[in-house]
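Please read the following explanation alongside the sequence and the coordinates.

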Amino acid sequence: MAASTWRRLLRSTSFLYLFSSIILLGSVAFLFSYVAFSPFSSVYPSSSSLDSSVLGCQPDGEGSWSIGVFYGDSPLSLKPIEEWNLWRNGSAAWPVANPVVTCRSLSDIGVPSNFVADPFLFVQGETFYLFFETKNSITLQGDIGAAMSNDQGATWQQLGIVLDEEWHLSYPYVFTENNQIYMMPEGSRKGDLRLYRAIEFPLKWKLEKIIINKPLVDSFMIKHQGKYWIFGSDFSSSGARKNGELEIWYADSALGAWKPHKKNPIHNTDKSFGARNGGGPFLYQGHLYRPGQDCGGTYGRSVRLFKVNTLTTEEYEEVEVPLGIEKPVKGINAWNGMRYHQLDVHQLPSDKWVAVMDGDRVPSGEVTLRKLKGYIAYAGAVVLVILLGVMLSMIKCVLPLSRCLPIAGKRSDVFQAERRLFFYYKLGSVFTHLSRIGSFFEGRINPKSWSGRFVTVMIILVAAVLTCFGTSFTYGGNGAAEPYMLKGHYSQFTILTMTYDARIWNLKMFLKHYSSCSSVREIVVVWNKGSPPEISELESHVPVRIRVEKKNSLNNRFNIDPLIKTRAVLELDDDIMMTCDDVERGFKVWRENPQRIVGFYPRLAGGYPLRYHDEKYARSEGGYNMILTGAAFIDHEMAFSSYWSSKAKPGRDMVEKLFNCEDVLLNFLYVNSSASRAVQYVKPAWAIDTSKFSGVAISQNTQAHYNARSECIQRFTDLYGNLAGNKWSFNSRIDGWDV
């Protein structure tokens, strides 16, 4: 009986229709993923014995917070660490760039972390200690982590978890009093404010005292004008507005007894005002300053800074002043592009100021909201499939209630299960209404008519679009092209492109796109011919410098430029468009091999006589020995000095003669000066040549272009040796980035 029922079901029109719909929409989702998602690994590849993508750095509804370092001559004018050009050879960070501490920093030492936030500095001589909240990826609880730096905050040694309670901890405000070091973290879920004392700084802490029996949030303590003051928020009190309330308490000693300020709550206002503390207080030119959180729109949207004009036991007045830190402009591609909610500032013995700030590239709840949107889109596609099936009479929307609901039985059973049967009757009523709605739509489409076919196609298209949206929201991540950490550091590079007046359209699109990539610090435009545009005409998220050349020459691409601030330069033609993720992957590979030309377009010089061959031919021969510098990373000091050496002059003369081959010449110079591998290929997910749309391609006759390059290869072989003796295979990397 059961077997025959299953056979009838599998042969039914409804089953075949639903099965076909699943196959169709599943194929749509697969094709969309193939086209829209990068085929390469995430920003957290397993580069050590611990895979941080497994242990930590998991998508979290609270965000993906990380920590950066800032410096300045004043606490009211601070610049990120990359602006100070701190170079670290060991990690190929030229310069070191923010963020300096991330979830991966802890996960790589075996402390699984989803994010790090709420940073506080403690400076002892030349050593910086950093205390912060880290959210454990397994327990999903906040613990207090610590790190130390002996090089002004450029490199951090992770010390692990230094304070772990049974409840959530965050906001680890650290200070000294009477030659003792104290920490006053937030533990509001415990219902009080606790003070811990270091017994083995910075690793071991002991509860000193419960100083206030209130669940104060984000509190700090400061001695000012002869008294001790605690600023904090109690959102549990009657009438308190979440993220908009601030209280002040005072005492004659750090251990109390603590008394409430006469005007408590000092603030009880809109959450965007900055009432909730956003870091530790600091003194500057005799004035006390308090950072506060602007939580308007999303939690921790930004930091606002207030100068305290009056602080007594009966009066309090503060006014807002400019923060002095430039707002990030790269959006989700910046580590703090969407929000930053804590700032801690300290003056160094050198009189310079150092600060730590946390930041996040996504708003609060982004992961949850994205998943919800994805599931809603999928549900919409399912509803459309069912609706179309009913309208085509493929699905009979008549629900056999007697088979699925136990609404009949013995009278004694009814009395024993009265509540359950009431629910069944209600559910049966819903099914009845659904059956009536289905009956209304049933057979409404005639698939043989033009109108019926049109409606059918439109419903299928909408279902396919909803499937794509659902796939994007559910599996596509937050859309950010994040940079890749190498040996604990991020870094930056300069883009250099060469163009002229006929290619303004290409240049504008080029600048708008690549200036949003996370690791790009500056874009240098080598202007070869015609009148250059005004900088104000160009839209860019990073500084743009136009270097006007005296004559139109391809050799200008490699002119020595002492104004370039980074060691890495991405030589990139203005008509090549790639994803920021591809660019970031290429940058990481170059940092692993800074002595090489690392790029995206492989070529092969081979055969007899020597000829220039494209990527397709190189793949058929199983390898390449050149990388085009129209899209390649180089060490600009090494490359440019080699290119303008006396040895390279005959090669430069040939470049001038043919108006071609400048990248071929650089490849020969690299091979000639290196005893090891000189080039490295990175496969882009996709690349588009925009000159084909604007009609201003430089090399329009492909065969003539290749012939000129073959001539160059033969001449350069005579001058600099045989490049064809080297050939490097594809798919040699474990991560598959050179397939």
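Is Cys 468 buried or exposed? Cys 468 has a relative accessible area of 19%, and because the cut-off for buried is under 20%, Cys 468 counts as buried. Cys 295 is likewise buried, with a relative accessible area of 2%.

These values come from a predicted model, so confidence comes before further detail. The mean pLDDT of the protein is 90, and 89% of its residues reach 70 or more. Two stretches need caution. Over residues 43-53 pLDDT stays under 50, although the model has 26 contacts beyond four places in sequence for this stretch. Residues 408-412 also stay under 50, and for them the model has zero contacts beyond four places in sequence. Where pLDDT is low, the predicted coordinates should not be read in detail.

The disulfides come next. A disulfide is a covalent bond between the sulfur atoms of two cysteines. The structure holds three of them, and with bonded cysteines counted along the chain they follow the pattern 1-2, 3-4, 5-6.

Cys 57 is buried at a relative accessible area of 13%, and Cys 103 is buried at 6%.

Another disulfide joins Cys 517 to Cys 580, with an S to S distance of 2.1 Å. Cys 517 sits in the loop between α10 (504-514) and β25 (520-527), while Cys 580 belongs to helix α11 (residues 580-592); the two are 63 residues apart. The link of Cys 517 and Cys 580 is left-handed, with -80° about the S-S bond. Both Cys 517 and Cys 580 are buried.

There is also a disulfide from Cys 661 to Cys 712, S to S 2.0 Å. Because Cys 661 lies in the loop between α14 (649-658) and α15 (662-673) and Cys 712 in helix α17 (residues 702-720), the pair ties together parts that are 51 residues apart in sequence. A torsion of about 85° about the S-S bond of Cys 661 and Cys 712 makes this disulfide right-handed. Cys 661 counts as buried at 0% relative accessibility, and Cys 712 counts as buried at 0% too.

What does the side chain of Arg 361 reach? The side chain of Arg 361 reaches the backbone oxygen of Ile 332 at 2.6 Å and the backbone oxygen of Asn 333 at 3.4 Å. Arg 361 is found in the loop between β22 and α5 (366-391) and is buried, with a relative accessible area of 7%. Beyond its neighbours within four places in sequence, Arg 361 is in contact with residues including Ser 64, Trp 335, Met 338 and Glu 482.

Some backbone angles remain. Most residues other than glycine have a negative phi, and most peptide bonds are trans. Asn 85, in the loop between β2 (77-80) and β3 (96-97), has a positive phi of about 55°; Asn 85 is partly exposed, at 33% relative accessible area. Asp 351, in the loop between β21 (343-347) and β22 (353-359), has a positive phi near 75°. The peptide bond from Gly 256 to Ala 257 is cis, with omega near 5°, and a cis peptide bond also joins Asn 264 and Pro 265, with omega about -5°.

Definitions and conventions
Residues are numbered from 1 along each chain as its sequence is written. This is a predicted model: local features need pLDDT of at least 70, side-chain atom pairs count only at pLDDT 80 or more; totals for chains, interfaces and linings use all residues. Side-chain values use heavy atoms; hydrogens and water are left out. Helices (H or I, at least four residues) and strands (E, at least two) are DSSP runs, numbered from the N terminus. Buried means under 20% relative accessible area, exposed over 50%, partly exposed in between (1.4 Å probe, protein chains only). A polar contact is a pair of N or O atoms within 3.5 Å; within protein, one must be able to donate a hydrogen and the other to accept it, and residues adjacent in sequence count only if both atoms are side-chain atoms. Contact means heavy atoms within 4.5 Å. pLDDT is the predictor's confidence in each residue, from 0 to 100. A disulfide is a pair of cysteine sulfur atoms within 2.5 Å.
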